[in-house]
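Subject: Structure handover

Hello,

Below is the structure we talked about passing on.

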Amino acid sequence: MNKFFALVRRALQTESRLARGHGFRCLLGIFVLWTLVTTRWEVFNRGAPGLNLFRSMSYYNYFFITILGTAYFATAITEEKEERTLGLLKMAGVGATSLIMGKWTPRMISAFLLLSVQIPFTVLAITLGGVLWQQIGAVYFALFAHLFFVGSLGLFCSVLMSTTTGACLLALGSLLGMSILPLIATGLFRNASGSLLGDMVLNLASFFRSMHAFQSIGFTLSTGFNSSWWSIQVISNLIVGGIILAVTWAIFDICTRNEKEAGGLGYFDRLRKRLQSKGRGRVWSAALVWKDYQLLGGGGIFLFLKFALYFGFVLFFALGTGISRSRMLENLGWTLIGWSLFFFVFETAIMTARLYRNEMSNKTWATLIMLPRSSKEMIYSKLIGGMTTTLPVVACFCIGVVLTPDDFFDALGSIMSEAEAVLGVSYFVMQIVIAIHLSTYFSISQKWAIWPMAVFLSGFIVFIANVTVMGCLFIGISPGDASAILFMGNVAALIITIVIHYNIGKRLIAVAGE
Amino acid sequence: MEHAIEINNVSHLFKQHRALDGITFNVAPQSLHGFVGPNGAGKTTTLKLICTLLKPQMGKIRVFDHDVRNNVKAIRRRIGYMPDHFSMYRQMTVFEYLDFFGAAYGFTLKERNRIVGDVLALTDMDGRKDDFIQGLSRGMQQRVSLARVLVNDPDLLLLDEPASGLDPRARIELMEILRELRRMGKTIFISSHILSELAELCDSVTIIDRGKTKYSGPMEGLLDQATETPTYRIRIDLPAEDVETALSQVPGLISVEPLEGRSDMRIKIDPALTDSNQVLAAIIAQGHTVINFGRDQRHLNEAFMDLTERGVRN
């Protein structure tokens, strides 16, 4: 027990000494307060402003816990594995229970504090009207249960996987699967209702849906809510979270026996090794591009597999949503264009967050930058190499355009013909560019910023900043001013991008000498 | 004469910490120069400044007459830097790794074939060229690192603790390769705190402590750097106290000191009153057998301890 308390105390002491945590809580409080003030200004224009405010806050919290909370808990044990200190802790006699709870509890306390700091402000939503204190209580209860579940799942993945990235991916993938699979299963077995298998799948899907905090929040904030705080979601999240914690404890020793060296062989390297077909072909004269094409993108085979996966997914999605036979090609084309744009953004963000950080964690950046080339050339060559990872989605996009060329160019033309639409699209694109830049900057300047953390935190920051700034700007302006605001927004976004871009370069050069 | 490296009054600060405090020394071309200092003395900072990874804040550094501030590319073409940690793409094979750096330096495919073959042969790694770096031992990985440094045929090799963490065999093999490279006319600047190796290997040495140069010059100068009283080492078939009795007639004898764990003794004399001939003659005259007699050269370790201790006292 003493070892457990020692770990918890150390973590809490460290946390309390860091200004980062206090600053973050303070910022969150300010954000909630600011949203409250802006909602107050809208009180005469909108019905139930308190409910609207609280609903937005609840969903922000939900996504915050789901995405960042998962990554936060997924680092609990993997950070010790990566630092190779887990073995030392075990040799010092710190057992599985002390280690698991000692690493999990301080994180849970920090996350709990982050949620709790908002409560006094959000309770003020009652005075704005449209929401009752019972609803606020029930939502926070649902969020705390969700936090417990996510924390347990993150910890489980942290014990199971050898790297933080792997743990984050597994945890996020599991949560995504829990959200999507019940919907797919319901769609597939809708007509099989009545059969044993059909009923079983539908009931299971229904249970998983009811476990979902997102649905629970929606239900709680609906008009006439008068249920108990102990919803199925709360009870199931607590029970399943508890079971996951127990399983984590049971598998801890088995999963933490061997330490894995950083920068090890990936799946395709091991496969290649096993098949003894070691040749990747000779290095291109554009060596840096070749390197990231091979090491980050996985080379030709992996890119082809990825293309097949994306194409298969889009095809499955297009067929699943029941496209009409008469416009099958056009619909498939638009589905390909839509999804490939989404995946392009997502892949680019992941790639840029990994591109330079991998060099730093493998300590190869200083060696690389010693080549007799300018730093800019090195940095951008790597970026080009990294961009090869997006070739499969680019191919999907091109196929989409080929399938529906007239519609696509018509749509493009109609956007280009309206200044406001162009400004709107460019503003949206600029926000993505800022988020990608921000995640890259985090990844090279912050130790904790492994790509899932960097990407999602950046996305969250940009989203919240937009909600705040645009919310303020649009208050009290007439619709005709939208173009001016979008123009100003574009200019501001461009300046922010240039500043972050410059700082990324500066940081990359500085970090080589560290 | 053009120096391979000229460092003149260089200082460097990291926030409030002064890593280098006006260090000055030169490295002659085609020499093997040792760079010695305790942990935190500023060795790695100096190496990073020389190889252009850091910009000097004060003072001047020239590499083959190029200023590190203004001629980064020209310097990088002529140097090979091996950091103090393994920095390799472990997912690559040995050949791919070297081929990659060959291509990155701008060599054609034909040139790369020749260069990679040469460096693999030099480092005795041609038998392992298709192995993944991940699966190699530490010693082998260090050889691959050295091979990588040699890909662009640099005139100056900057090696930061290259023998650190290697077993004795790998260490000896690495030193052999370094000797071979010196014979090929390379200038080698090697930082280490394994002092005994440098004593045999290096032509010249620089000792730094807490960012200050404590000694820079030929290795013999450091080893011979005598204390004010000449010291001799003698091995004789007598215990130390009897030797002292035997030498009691010799004027100017200061002390006879047995060396711990050895059958040797260290004799200190006043050079104004006597010399080594008188000491030796006095012993032989009494009928004792002298097994070994010679000037006591300071070991590099002792010189190092002495210099750095002095630094602490200062």
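A helix here is a DSSP run of H or I at least four residues long, and a strand is a run of E with at least two. Counted that way, chain A holds 23 helices and zero strands. Please keep in mind that this is a predicted model.

Chain A overall

The C-alpha trace of chain A spans about 70 × 70 × 55 Å along its principal axes. Its radius of gyration is 25 Å, which agrees with a compact globule, because a globule of 514 residues would come out near 24 Å. Of those 514 residues, 36% count as buried. Taking contacts in chain A between residues at least 6 apart in sequence, 80% join residues at least 24 apart.

The domain assignment divides chain A into domain 1 (2-255) and domain 2 (271-512). Their centres, taken over C-alpha atoms, are separated by 28 Å. Where domain 1 of chain A touches domain 2 of chain A, the contact takes 15 residues from domain 1 and 13 residues from domain 2. On the domain 1 side, helix 2 (19-41), helix 3 (49-82) and helix 9 (164-189) of chain A are the elements that give two or more residues. Helix 9 of chain A has the largest share of that side, with six residues. By class, this side of domain 1 has ten nonpolar, four polar and one charged residues.

Chain B overall

Chain B has eleven helices and 14 strands. Along the principal axes, its C-alpha atoms fill a box of roughly 75 × 45 × 35 Å. Of the 314 residues of chain B, 40% count as buried. For contacts in chain B with a separation of 6 or more, residues 24 or more positions apart account for 68%.

The assignment for chain B gives domain 1 (5-217) and domain 2 (231-297). The C-alpha centres of these two domains of chain B lie 44 Å apart.

Nonpolar cores

The largest nonpolar core has 169 residues, and the members that touch the most others are Leu143(A), Ala454(A), Ile50(B), Tyr97(B), Leu98(B), Leu158(B) and Phe189(B). Helix 8 (residues 133-160) of chain A gives the most to this core, namely 18 residues. A second, separate core has nine residues, among them Val314(A), Ile337(A), Trp339(A) and Cys396(A).

Leaving aside residues up to four places away in sequence, Ala454(A) touches Ala353(A), Ser439(A), Phe442(A), Ser443(A) and Ala449(A).

Contact between the chains

The contact between chain A and chain B takes 25 residues from chain A and 26 residues from chain B. On the chain B side, helix 2 (72-78) and helix 3 (94-104) each supply at least two residues. Helix 3 of chain B gives the most to that side, with five residues. Sorted by class, the side of chain B that touches chain A has 13 nonpolar, five polar and eight charged residues.

Helix 3 of chain B

How many of the residues of helix 3 of chain B are buried? The count is eleven of eleven. Helix 3 of chain B is followed by Gly106(B), with a positive phi near 90 degrees.

Strand 7 of chain B

Strand 7 (residues 156-160) of chain B is also mostly covered, with five of its five residues buried. In a regular strand, side chains alternate between the two faces of the sheet. Here Leu156(B), Leu158(B) and Asp160(B) are buried on one side, and Leu157(B) and Leu159(B) are buried on the other.

Strand 7 of chain B has a parallel partner in strand 6 (residues 79-82) of chain B, joined by four bridges. It also runs parallel to strand 8 (residues 187-192) of chain B, joined by five bridges. Leu157(B) takes part in both pairings: Gly80(B) stands opposite Leu157(B), and in strand 8 of chain B its bridge partner is Ile188(B).

Regards

Note on methods
Residues are numbered from 1 along each chain as its sequence is written. Chains are lettered from A and ligands numbered from 1 in the order in which they are written. The radius of gyration is taken over C-alpha atoms; the globule rule is 2.2 Å times the number of residues to the power 0.38. A residue is buried if 20 or more other C-beta atoms lie within 10 Å of its own, exposed if 12 or fewer, and partly exposed in between; C-beta atoms are placed from the backbone. Two residues are in contact if their C-beta atoms, placed from the backbone, lie within 7 Å. A nonpolar core is a set of buried Ala, Val, Leu, Ile, Met, Phe, Trp, Tyr and Cys residues joined through C-beta atoms within 7 Å. Ala, Val, Leu, Ile, Met, Phe, Trp, Tyr, Cys and Pro count as nonpolar, Asp, Glu, Lys and Arg as charged, and the others, Gly among them, as polar. Domain bounds come from an automatic or database domain assignment. Two strands pair if DSSP finds at least two bridges between them.
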